[in-house]
Amino acid sequence: MIRSIPGNAHSFFCLVLVLLAAGLSLPAAAEPCDPEESKWVPSRYYPAGSAVFHKGNWYESRELHQGLEPGITFDWKELDSVPDCEGRKQAVEPSQTEEGQQGPEAGNSQTAGKSKRGETASGMCVRPDPWLFSKSYTVGSLATHGGQIWEAIRPTNGDMPGMNKPPRWKLVEDHCSMERQ
């Protein structure tokens with residue numbers, strides 16, 4: 001014998017099922033960024049996708065950079081609302097650069113320090129490729145520009161050797177190819 005559910009109980013049972021199904025399919029509410037914890041700091045590196053709060057507005061970094069003020073340069077995109085900070089790339093202090101890289105404070109002048117570079121294990125001298133605006137360079141990369149050899153002291157993309165403050169390149173004074181010119 002099949003018993004029927006009274007009208008009110010049936011409606012209540014259906015409502016509970018609908019609410020349970022809706023609750024299972026909705027993701028948890030995202031945690032919005034805290035303006036105090038997300039303030040822009042000029043000395044930090046900001047990878048692409050990181051969010052900052054500056055002068056009353058939220059911004060998202062378009063690419064890796066340091067010291068470029070939000071709202072003034074193309075390196076930042078102004079956001080329409082408070083971003084969700086969970087899972088976003090976070091700013092990196094200069095001392096936390098990738099393993100094996102020099103911190104951004106190293107080589108604050110373009111000729112600070114020297115690099116003995118360019119020889120292979122067999123003693124052959126390899127001249128670096130010319131610097132290209134369209135190429136990204138990691139710390140330690142070498143490039144020729146203006147008849148000189150330069151070493152990247154910060155990650156850089158489109159920054160011409162010898163032109164930036166703070167500098168992104170240092171002059172290499174003792175490359176093997178310079179001895180044979």
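Q: Which pattern does the chain follow, read along the sequence?
A: The model is predicted. The chain holds two helices and 10 strands. Read along the sequence, the pattern is α-β-β-β-β-β-β-β-β-β-β-α.

Q: What share of the residues of the chain count as buried?
A: Buried means under 20% relative accessible area. The chain has 181 residues. The share that counts as buried is 31%.

Q: In what order do the three strands of the open sheet stand?
A: Strands β2 and β3 pair in the antiparallel sense over four bridges. Strands β3 and β5 also pair in the antiparallel sense, over three bridges. The order in the open sheet is β2-β3-β5.

Q: Why is one side of β2 and of β5 left without a neighbour in the sheet?
A: The three strands form an open sheet. Strand β2 covers 51-54 and β5 covers 76-78. Both stand at the edges, so each has a single partner strand.

Q: What is the average twist from one strand to the next?
A: The sheet runs in the order β2-β3-β5, with antiparallel pairing. From one strand to the next, the twist averages 35°.

Q: Which residue in β5 is the bridge partner of E60?
A: Strand β3 spans residues 57-61. Towards β5, Y59 has E78 as its bridge partner. For E60, the partner in β5 is K77.

Q: Which residue takes a positive phi in the hairpin of β2 and β3?
A: This hairpin has two residues between the strands. The phi in question is near 50°. The residue is K55.

Q: Is D159 buried or exposed?
A: D159 lies in the loop between β9 (156-157) and β10 (169-171). Its relative accessible area is 18%. The cut-off for buried is under 20%, so D159 is buried.

Q: Which side chain makes a polar contact of 2.7 Å with that of D159?
A: Leaving aside neighbours within four places in sequence, D159 is in contact with W131, N164, R168 and W169. The polar contact of 2.7 Å joins the side chain of D159 to that of T156.

Conventions
Residues are numbered from 1 along each chain as its sequence is written. This is a predicted model: local features need pLDDT of at least 70, side-chain atom pairs count only at pLDDT 80 or more; totals for chains, interfaces and linings use all residues. Side-chain values use heavy atoms; hydrogens and water are left out. Two strands pair if DSSP finds at least two bridges between them. Axes are lines fitted to C-alpha atoms, for helices over the stretch in contact, and angles run from 0 to 180 degrees between N-to-C directions. Buried means under 20% relative accessible area, exposed over 50%, partly exposed in between (1.4 Å probe, protein chains only). A polar contact is a pair of N or O atoms within 3.5 Å; within protein, one must be able to donate a hydrogen and the other to accept it, and residues adjacent in sequence count only if both atoms are side-chain atoms. Contact means heavy atoms within 4.5 Å.
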